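Hi everyone, thanks for coming. Today I'd like to walk you through a structure, one stop at a time. Have a look at it first, and then we'll start.

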Amino acid sequence: MTLHRSHVLVCSGSNCALHSSSFVKDRLTLEISQAGLGDEIRVLETGCFGLCAQGPIMVVYPEGIHYCKVGLEDIGEIVQEHLLKGRIVNRLLFKGTSDKNWMTKDDFDFYRKQERVVLRNAGVIDPENIEESLVRGGYAAFGKALSEMTPSQVIQEITDSGLQGRGGAGFPTGRKWQFTQEAAGDKKYVVCNADEGEPGTSKDRLILEGDPHTIIEGMLIAGYAIGATQGFVYIRGEYLLSIERLQKAINQAREFGLLGKGILGSDFEFDLEIRSGAGAYVCGEETALLNSIEGKRGEPRFKPPYPAVRGLWQKPTLINNVETLANIGPIIQNGSDWFRQIGTPECPGTKVFTLSGNICNSGLIEVPMGMTLREIIYDIGGGIPDGHQFKMAQTGGTSGGCISADLLDVPMDIPSLAKAGTALGSGALLVVDDRHCVVDLAKTFLRFFAHESCGQCTPCREGTTVLLRLMNKLASGKGDAQDITNLQRLSTTMQQASLCGLGQTAPLPILSALTFFADEFHAHLEGQGCPAGVCG
Amino acid sequence: MNTVKEIVAEHGHESSRLLEMLRCLQSPTNYLSEEAIVGVAKELNVPISHVYGVASFYSMYSTKPRGKYIIRFCESAPCHIEGAAEVLEAVQDQLQIAVNETTTDGKFSLELTSCLGVCGVAPAMMVNSTVYGNLTPEKAKKILAATE
Ligand SMILES: Cc1cc2nc3c(=O)[nH]c(=O)nc-3n(C[C@H](O)[C@H](O)[C@H](O)COP(=O)(O)O)c2cc1C
Ligand code: SF4
Ligand code: FES
């Protein structure tokens with residue numbers, strides 16, 4: 001292996017890729033070789049660093065200098081100044097909220113308050129090279145499970161860790177594994193839910209793109225634990241880069257004898273196949289997802305029976321979210337006690353959040369469960385840009401609740417947010433400043449649900465349409481108090497009578513907005529017009 | 001172009017892989033013709049209504065002809081608050097079509113989509129398989145003008 005005096009990492013996650021990061025990388029490689037540095041400096045493509053609003057991001061090691069918004073025209077200067085002469089190019093450093101330039105990870109509040117378990121390899125390794133994953137301990141946890149632990153011990157460790165599903169519902173992962181293990185069936189399946197349709201969420205995409213092997217490893221451990229020989233990863237059809245990266249990773253794992261028959265010389269057999277969606281949010285719902293993998297319309301099934309008992313082709317099936325599976329390797333490797341030291345006693349571990357909206361550092365972060373909303377928005381997210389004021393945050397994506405500034409100190413974990421009347425959900429965090437109108441946003445949410453309702457059951461099919469009509473009426477200033485009462489009554493009916501989680505959670509953003517921003521809704525009634533001047 | 005027979009055979013005549021088959025069938029023309037749907041049903045030995053039901057359920061498939069380029073414009077909340085509405089207006093203005101319509105020259109179809117998972121660079125849209133972010137009305141118009 002050649003030793004290089006310096007490594008330059010260029011982010012190739014989806015957000016940076018659409019700032020032409022691959023051209024940046026190609027130009028960099030070219031200029032490095034023209035400068036005669038080809039043998040000394042290695043250029044690598046890696047996964048998301050998290051600071052997506054500042055992309056494309058480039059990090060020069062060994063110093064770890066972060067350059068932001070690197071354009072093709074900046075490459076010459078980086079090569080001539082930094083790589084040849086060792087002089088840092090100040091103008092490309094990140095300017096935080098203070099005047100100080102941020103050079104390395106340690107300078108960034110953005111990174112300092114984070115704790116990376118799931119994202120441990122994102123932005124560190126080349127995701128298209130299995131050897132880089134192996135060097136960083138990839139598949140060691142699977143090796144440990146296979147050679148030193150019985151399936152039941154593996155499940156016990158996951159149960160003890162207190163890990164809860166990261167896909168939205170927060171169901172205890174160990175319990176789900178145990179149900180599937182105990183279910184009778186000649187064949188069982190493991191399914192990774194990478195449908196990620198929740199608006200404002202891109203964590204699963206960036207995990208898959210930054211570290212696909214951690215998902216394969218999580219699924220291998222799950223397969224060993226529950227006794228499955230086949231796994232499926234269901235990825236959104238729009239996520240072309242994720243599909244490509246994961247397929248490469250699967251092929252490499254097969255070459256290395258980590259998938260297929262007789263894995264690592266044992267008699268354990270497991271293989272993976274990617275199935276991709278075709279544009280239907282409801283397919284993220286686990287039973288709709290199963291129908292879709294079977295090649296059918298993605299309509300949710302009636303529960304029970306749960307997938308653990310009767311899932312894919314009526315066989316016991318374990319379904320976990322991408323982020324849930326990315327936690328499995330570290331828990332098996334380091335033990336449940338280690339995991340429980342992170343986060344809160346009721347909700348251990350970390351959570352990956354996707355920050356979007358009116359926030360300085362939009363992008364991807366991972367923090368211990370229980371960090372307050374205020375810390376996330378102001379310390380890590382860098383606050384609200386352009387001197388505007390915080391107005392509202394929506395946690396958990398479009399199906400999550402809207403909360404006001406009164407709740408800025410709420411701990412961001414599953415039980416605390418449920419108590420506050422919202423949900424942690426998939427970890428989307430939309431920040432909205434005072435220029436925006438809650439009624440106008442509510443319209444956006446309802447358009448989404450009316451569009452995505454699969455139409456199978458009446459409360460949701462009719463309910464989403466009627467809610468949207470009522471909200472349009474309110475926004476246009478023609479609504480009255482009765483309309484608000486009707487919104488609330490219909491919402492309650494949908495929560496109680498809808499067949500699946502889509503119809504059950506669609507009212508949450510509306511009801512929470514009505515609770516926290518009642519004045520703003522009433523202002524729209526009384527013919528004063530929209531206080532924010534948005535609705536017309 | 002592969003025939004229906006070949007595509008179904010490539011997927012091992014496995015009806016669970018219908019979504020993949022439809023994707024392959026659709027890719028050259030951006031839509032699924034009646035012959036394609038009837039053909040797949042025949043090859044798989046399933047009712048035509050089953051194939052049509054699947055094709056009409058998922059928004060990425062179309063049973064009506066569409067343009068050479070499909071614009072999937074994100075209208076989810078994170079893009080919305082970053083000014084997606086103005087950009088969408090500019091796109092409609094430039095192409096002289098409304099949402100779910102195709103330009104008369106058959107070049108562009110405009111559709112709305114939910115979050116594309118690149119909210120860090122909102123507002124965003126996809127044109128066929130390419131994603132564009134940090135859109136402004138001007139930038140979107142330029143992208144479309146440069147799409148050949
Ligand atoms: C409408 C709807 C959409 C959903 N979308 C997703 C999704 O995109 N990804 C996901 O992991 N879970 C999604 N879920 C939750 C899944 O049904 C399921 O609870 C989850 O995949 C289980 O994995 P976990 O226990 O690891 O969280 C969705 C649920 C509903 C009702
Ligand atoms: S609640 Fe909505 S999405 Fe779920 S099954 Fe009923 S109609 Fe379909
Ligand atoms: S909301 Fe538009 S890309 Fe996420």
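**Around ligand 1**

Let's begin with a backbone N or O atom of A:G167, which lies 2.7 Å from an oxygen atom of ligand 1. Please keep in mind that this is a predicted model. A:K176 takes part too, but through its side chain: a polar atom there sits 2.8 Å from an oxygen atom of ligand 1. For A:R166, a polar backbone atom is 3.3 Å from an oxygen atom of the ligand.

How much of the accessible area of ligand 1 does the protein cover? On its own the ligand has 610 Å², and the protein covers 89% of that.

In total, 19 residues surround ligand 1, and the closest are A:G167, A:K176, A:N320, A:N321 and A:T324. Sorted by class, this shell holds nine polar, six charged and four nonpolar residues. Which elements give two or more residues to it? They are β10 (317-321) and α20 (501-505) of chain A. The largest share, three residues, is from β10(A).

Next, please find helix α9, residues 203-210, and helix α10, residues 212-226, both in chain A. When we describe two packed helices, we give the angle between their axes and the distance between those axes. Here the angle is about 95 degrees and the axes are 5 Å apart. An angle from 65 to 115 degrees counts as roughly perpendicular, so that is the word for α9(A) and α10(A). On the α9(A) side, the contact involves A:I207, A:L208, A:E209 and A:G210, and they meet A:P212, A:T214 and A:I215 of α10(A). Four of the residues in this contact are nonpolar, two are polar and one is charged.

**Some backbone details**

Here is a bit of background: most peptide bonds are trans, and most residues other than glycine have a negative phi. With that in mind, look at the bond from A:Y61 to A:P62, which is cis, with omega near 10 degrees. A:P62 is in the loop between β3 (58-61) and β4 (65-67) of chain A. The bond from A:K303 to A:P304 is also cis, with omega near -10 degrees. You'll find A:P304 in the loop between α12 (286-293) and β10 of chain A.

And what is phi of A:Y139 near? The value is near 70 degrees, positive in a residue other than glycine. A:Y139 belongs to the loop between α5 (130-135) and α6 (140-148) of chain A.

Conventions. Residues numbered from 1 in each chain as written. Chains lettered and ligands numbered in written order. Predicted model: local features only at pLDDT ≥ 70, side-chain atom pairs only at ≥ 80, totals over all residues. Heavy atoms only, no water. Axes fitted to C-alpha atoms, helices over the stretch in contact; angles between N-to-C directions. Helix = DSSP H or I, 4+ residues; strand = E, 2+ residues; numbered from the N terminus. Parallel < 35°, antiparallel > 145°, perpendicular 65-115°, else oblique. Contact = heavy atoms within 4.5 Å. Nonpolar A, V, L, I, M, F, W, Y, C, P; charged D, E, K, R; others polar. Near = heavy atom within 4 Å. Polar contact = N/O pair within 3.5 Å; in protein donor to acceptor, adjacent residues only side chain to side chain. Areas by Shrake-Rupley, 256 points an atom, 1.4 Å probe, with all protein chains shown as cover.
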